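Below are some notes for a colleague who has the coordinates open.

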Amino acid sequence: MAVQQSAAVDNEPVDVVLGDLLSGGDDVIVIPCSTTGSVAPDFSTRLTAYHLAMPTRLRPGQVVRAWEADPTVKRAAPFTILLAAVVVDGSESSADWVRSAAAEAARIAAEQEGSLGFPLLGTGAGALPPEESFTAIQAGVAGATISEGVSYQPPSVPAKVYVLDPELHASLLNRRFLRWEGPEEPPRTVETVPTHTDGPAMVDELGRQGFAKVLARRIRDARKEETRNSRKAPDPRARRGGAFILHLHAPWGAGKTSVLNFLAAELRQDDPDAGASRSVVVDFNAWRHQRIEPPWWWLMRALYAGAVRDLDTFDRRRALTVRIREWIWRSKGGWPGYVALLLVAGLVVLAWRAGWFGTAASRDLFSLDTFRGFVVTAAAVITPALTVWGLLHAMGRWVFSTSAKGARRFVANTSDPMRMVQDHLADLTRWIHHDVVVMIDDLDRCKSPYVVELLEGIQTLFRDIPVTYVVAADRDWLADSYASEYANFVSVAGEPGRPVGYLFLEKTFQISTGLPQTRDRIDEFWGRILRSPSVPGEEELAQARRSAVREFREQADEVRRKVAAGEGSTAENQARREVVAVEMVSERAQRAAGHRLEPFRALLGDDPNPRMMKRLVNAYGIARGIETLQGVNLEEDDRQEQETALWTILILRWPKLGAYLAKCPGRLSDIGATDPGPGIPADLLVLFSDPDVIDVVRGKDVDAALTVESLQRAALR
């Protein structure tokens, strides 16, 4: 949840909000641009989905409508996006331009009877001081120049200015921008009033950006491992590896979408330490598309459209190449008709130039000239038929690529259509030339048939395509969806603590992880909601992260020592924890973890398969990374690391039991007891006396055992 703070001051025309403009939920938002229509990269990158109508020539202070929502389509705000020309190339912005733009934007918002959101116009490339920008926006919205002794009327439209820097936000809250006549007026006070939205967070207020860094490194290393393991595949197209699917699970409202936002931002950057360039990130909201079948078609369509949009932001030449190759692919299916058209058209032209059509009527019925006339006539009749057939064949690919209904028809009327789709997707990822990551959100709002068909489509249809999928969805929702679709097999395949739905999830996802617990950040978060934040600003934290990366490259052991000792400022400590946590999921650390986990192999079951062993190594690495982010076991105590390994094994083998113990850690003492206490769920009761469960809890053949305290600090749930 994005939390925004606004300053409510009597008669002030504009509120100051600590938050993100695009997540504020305002009906009308204003985006700054230059007089040539260019928009700053931090805005243009996030606005690609809106397909803004970009002007090429504006006068300073002019405002134009760049995008408006279709009134027939139900969607979330914003409904109108305005471009405000407040930057002139080669010169600084003027407060007058900002004031004119704010006045025009307020007029448009008032006509629509909607709320209005601004950034601090002109403070970027225009170098206008933030205080001057805010004053000018106030003046424009209020419709009067703010100066000493001049009063004004409150605005007719709710307006906010959004800032991301907590220090700047606090400064604007406490600054008096307006002057009034008369000594009798009591001084006005600023009251901080919380304003909340349920939009996903873009500002890291719960410390989850570090978790996103951990996931990004694991995704990049997994892609490199896939490529390395597939290097000798017989099919050249399979040498880039196949699909890799990561599951990010948590209940509704826990912040999965916010983590996806941070993860996307990390993957859109180069990572020199991982030897990886930026990825192409594609967003796919399953809930918005669940009424359109087949589900894999929308995913395929989103892969092309989203990849081209993302490429447009940093590699336009590659984006153009992908578009051209896609158009060629859609067109080339009709080559028989095109050839027939050209061939017979040539014959008709030749016959006409030779005068065959004119002489055929004056010849005998059985003459050679008459015969030639009949041939030409027949060709003229057959040619359109062949051409129409060829064009329809070619249009099939166009319709397939742009219409779900067309995709269903194409599948029904085409020989081996899925093979063609697989080949095309393999070509598409090769054309893109960058690692592709698809973020699938809101799958836990979809009906069970759609959930199962989409995930099974990725497993089968897209299995050999080198794309990484990050699925953010509630684990129980997905498991229940599989259980519903395969209800006839529940009694056959299910196990205590691991019902049939969880067995499907185990086979679907290579990595499954929950969100970090936020208990250590709640007080800090609550304080930020209610008053000016005392936590590090975004710029301070960004600087600390850059310094920590450089420091870790040069003196990794010294950084680990400082992390364990808690040296440095809050921002420095957090940044160092993040770089150490990222290192814990690197390929080098994963290999070391494999050796460290060797004594636990017997606890994976009678005959652990390689997949289970890989899942343990992956999950353990992420768990240790999260512990480091949260300040748990910074000294790398062997006993605590073994406790983490035991808990990871338990939640992998019996996820339902793990979820129950995470909520009720005190029931751990009932495992192995002769007479467990009352209140244990019936489907889990048998596990409390299961020898395998008891061995894991008591740490058979290792030096640690699970305790109530170790469960309470467990990173993964």
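1. Lys256 has a relative accessibility of 7% and therefore counts as buried, the limit being under 20%. The model is a predicted one, and the points below should be read with that in mind.

2. Lys256 belongs to helix α6, which covers residues 256-267. Leaving out residues up to four places away in sequence, Lys256 touches Leu248, His249, Ala250 and Pro251, and also Asp444, Ala472, Ala473, Asp474 and Leu515. Ala472 is 216 residues from Lys256 along the chain, yet the two C-alpha atoms are separated by 6.0 Å.

3. On the fold as a whole, the protein has 717 residues, and 51% of them count as buried. The secondary structure consists of 29 helices and 13 strands. Among contacts between residues at least 6 apart in sequence, 74% join residues at least 24 apart. The accessible surface is about 34,300 Å², and carbon and sulfur atoms account for 53% of that area.

4. Arg576 sits in helix α22 (residues 570-583). Its relative accessibility is 9%, so Arg576 counts as buried. Apart from neighbours within four places in sequence, Arg576 is in contact with Ala548, Glu551, Val559, Lys562, Val563, Glu567 and Gly568.

5. Which residue forms a salt bridge with Arg576? The partner is Glu551, and the closest N and O atoms are 3.3 Å apart. Glu551 lies in helix α20 (residues 538-554) and Arg576 in helix α22, so the pair ties together parts that are 25 residues apart in sequence. Glu551 is also buried, because its relative accessibility is 17%.

6. Side chains of opposite charge can pair when their charged atoms come close. The count for this model is 30 salt bridges. One of them joins Arg653 and Asp692, with 3.4 Å between the closest N and O atoms. This pair links distant parts of the chain, Arg653 being in helix α25 (residues 638-653) and Asp692 in helix α28 (residues 691-698), 39 residues apart. Arg653 is buried at 12% relative accessibility, whereas Asp692 is partly exposed at 29%.

7. A further salt bridge pairs Asp442 with Arg445, and here the closest N and O atoms are 3.7 Å apart. Asp442 is buried, with a relative accessible area of 13%. Arg445 counts as partly exposed at 38% relative accessibility. Elsewhere, Arg65, Glu68, Glu104, Arg107 and Glu111 are linked in a network of salt bridges.

8. The second largest pocket deserves a look. Its volume is about 940 Å³, and 33 residues line it. Glu225, Pro610, Lys614, Arg615 and Asn618 are the lining residues nearest its centre. Which helix gives the most to the lining? Helix α24 does, with eight residues. The elements that each supply at least two lining residues are α5 (209-229), β9 (244-249), α15 (448-460), α18 (500-508), α23 (587-596) and α24 (610-629).

9. Finally, the surface carries a nonpolar patch formed by Leu320, Ile324, Trp327 and Ile328. Together these four residues have about 380 Å² of accessible area. Ile328 is part of helix α9, which runs over residues 316-331.

Definitions and conventions. Residues are numbered from 1 along each chain as its sequence is written. This is a predicted model: local features need pLDDT of at least 70, side-chain atom pairs count only at pLDDT 80 or more; totals for chains, interfaces and linings use all residues. Side-chain values use heavy atoms; hydrogens and water are left out. Patches are made of residues with over 30% relative accessible area and no salt bridge: like charges are joined within 9 Å, nonpolar side chains (Val, Leu, Ile, Met, Phe, Trp, Tyr) within 5 Å. Accessible areas come from the Shrake-Rupley method with a 1.4 Å probe; for residues, only the protein chains shown count as cover. A salt bridge is a side-chain nitrogen of Lys or Arg within 4 Å of a carboxyl oxygen of Asp or Glu. Helices (H or I, at least four residues) and strands (E, at least two) are DSSP runs, numbered from the N terminus. Buried means under 20% relative accessible area, exposed over 50%, partly exposed in between (1.4 Å probe, protein chains only). Contact means heavy atoms within 4.5 Å. On a 1 Å grid over the protein atoms alone, a cavity is a set of points where a 1.4 Å probe fits but cannot get out, and a pocket is an open set with protein on both sides within 12 Å along at least five of seven lines; lining residues have an atom within 4 Å of a point. Grid points are joined across faces, edges and corners, and a volume is the space filled by probe spheres set on the points.
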